[in-house]
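The chain and its model are shown first.

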Amino acid sequence: MNAVQHEPVGRYQVVPAAFVLLVDARDRVLLTYRRGTGYMDEHWSFGAAGHVETGETVLQAAVRETHEELGVTLREADLLPMTVGHRTSGNGRPIDERVDFFFSVRCWEGEPDIQEPDKAAELRWVSLDDPPEPVVPHELLVLQQWRQGTLAPVSTFGFPSALQEPGRLGPVHRGDRVKVQAEAKDTRETEEELMDGDHQRYAAFLPDSYRELLKTAPEVTYWDWSGHHVRILRRRRPEAPVRLILIHGAGGHAAALWPFAAILPAEIFEIAAVDLPLYGGTESPDPIAVRYQDWLDLLNDFVDAEDDGRPLVLLGASIGGMVAYEVAARGERVSAVAATCLLDPRDLHARAVMTKFGKLGALSGCLTWMVRGPLTRRRIPMSWVAALSKMSRNPELSALCAQDPRGGGVRVPLGFLASYMNYRHTAPESMATPVLLVHPEADDWTPVRVSRRWFDRIAADKQLVLLPDAGHFPIEESGVEVLVDTLIALGQHIGRGKRQQ
């Protein structure tokens, strides 16, 4: 019998490469303008990139390429994984089958400068809100999804099942919501214009009966605090008897809550809504250094700075409820706290419902004690941790919150999460400020029973009001009506007490 001759089987091979994105304290990224490389010349790309050489790890390659191309020194421990990208050019050539390891980094030694002038024409620090054009397509897709907080640990590019056309960096929403399109360069909205319209995107989910009131746009102001440029939305009413400060949680920002400000009567409330560091339009000098304590300190100082003698109500939504509670407990300027929930992050029952991990979430507090050193500065999307799919009973609103790059889609440092999960709030038995818990009755994310574990122990005057049919983000008409009526009653009560004094 003749032996059967087999042709050698060609194994599928890919070329590995490392990409490194330097990010500064203002969240700008360093891009390189390619020229003379023979590939994607006259395009912007990650600050440093190159093939993994024989015998080295991808981490070693990233460190080496960054030093060779930018002249700065990195430590492997400071490389923050973004995604692993599998891409193809679809031409069957082995050289065009790639696996790309993308890293960001915020710590390095030296000043970035062009080290290979025959391959790069320019280095530029840019904001991803307004990047230069053109950017290498597969790198643009990574930057776009990274900015929006939707970048998966593993991504693909160029395959028939994963064809994606990269557009301009920015949010794209359904229907009549804001759209940012690549081809509309001459009509692009600025970041400020996009933020100015944020409250309308959220207002669209509230009942039609409030439609006229929801047309009221806030005044946009800024306040400088400890290096932070804090964005504050306002409705000034010097004649109103009560002042109210809105405090968002980890899945929102001031504009997301503004619709609730708009439907409260102006003859009772003057309102301010603060974008806390990492969220909304507030700019921070070093975002990766922000901690939960900064939120509390900022609001305490804001309460002091804004005091004009009128009674003050703090209205906190989601974890903003406990923020409002703590700020009130620290001083004597707050007349009452209103909160949609009161979650003690040290309580195992609260941890179990707050995170996406169910009962395993109870272990999160223990794990956060392990967040030390460079690990505290690593940023992850809040949507990776929080169960934002339960934000609302309306799936579209939940998706909007989770994808909003200024809200639930924001990237937070692990140090912030650790500082929150392990913060010891003022004991409820020591609370002296009245507390109103206006809790959504149909909250599938943080049921009222969890908030009551804290609320029932409060020594101060307190009241529990359930918002009928309402989810965690209350937009249902019956729930909104009860919320508004309850807050009006609180404002009238506090206002009368001030006049009697």
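In strand 10, R234 is the bridge partner of E219. This is a predicted model, in which local features need pLDDT of at least 70, side-chain atom pairs count only at pLDDT 80 or more, and totals for chains, interfaces and linings use all residues. Residues are numbered from 1 along each chain as its sequence is written, and side-chain values use heavy atoms, with hydrogens and water left out.

Helices (H or I, at least four residues) and strands (E, at least two) are DSSP runs numbered from the N terminus; two strands pair if DSSP finds at least two bridges between them. R234 also has a bridge partner in strand 12, namely A272. The two pairings of strand 10 (residues 228–235) are as follows.

| Pair | Sense | Bridges |
|---|---|---|
| Strand 9 and strand 10 | antiparallel | seven bridges |
| Strand 10 and strand 12 (residues 269–274) | antiparallel | four bridges |

The hairpin of strand 9 and strand 10 has two residues between the strands, and S226 there adopts a positive phi near 50°.

These strands belong to an open, mixed sheet of eight strands in the order 9-10-12-11-13-14-17-18. Strand 9 (219–225) and strand 18 (462–467) form its edges, each pairing on one side only. On average, neighbouring strands are turned by 20° against each other, direction ignored.

Helix 6 (residues 292–306) lies across strands 9, 10, 11, 12 and 13 and runs at about 110° to strand 9. Helix 12 (residues 448–455) packs on the sheet, touching strand 17 (435–440) and strand 18, and its direction makes about 175° with that of strand 18. Contact means heavy atoms within 4.5 Å; axes are lines fitted to C-alpha atoms, for helices over the stretch in contact, and angles run from 0 to 180 degrees between N-to-C directions.
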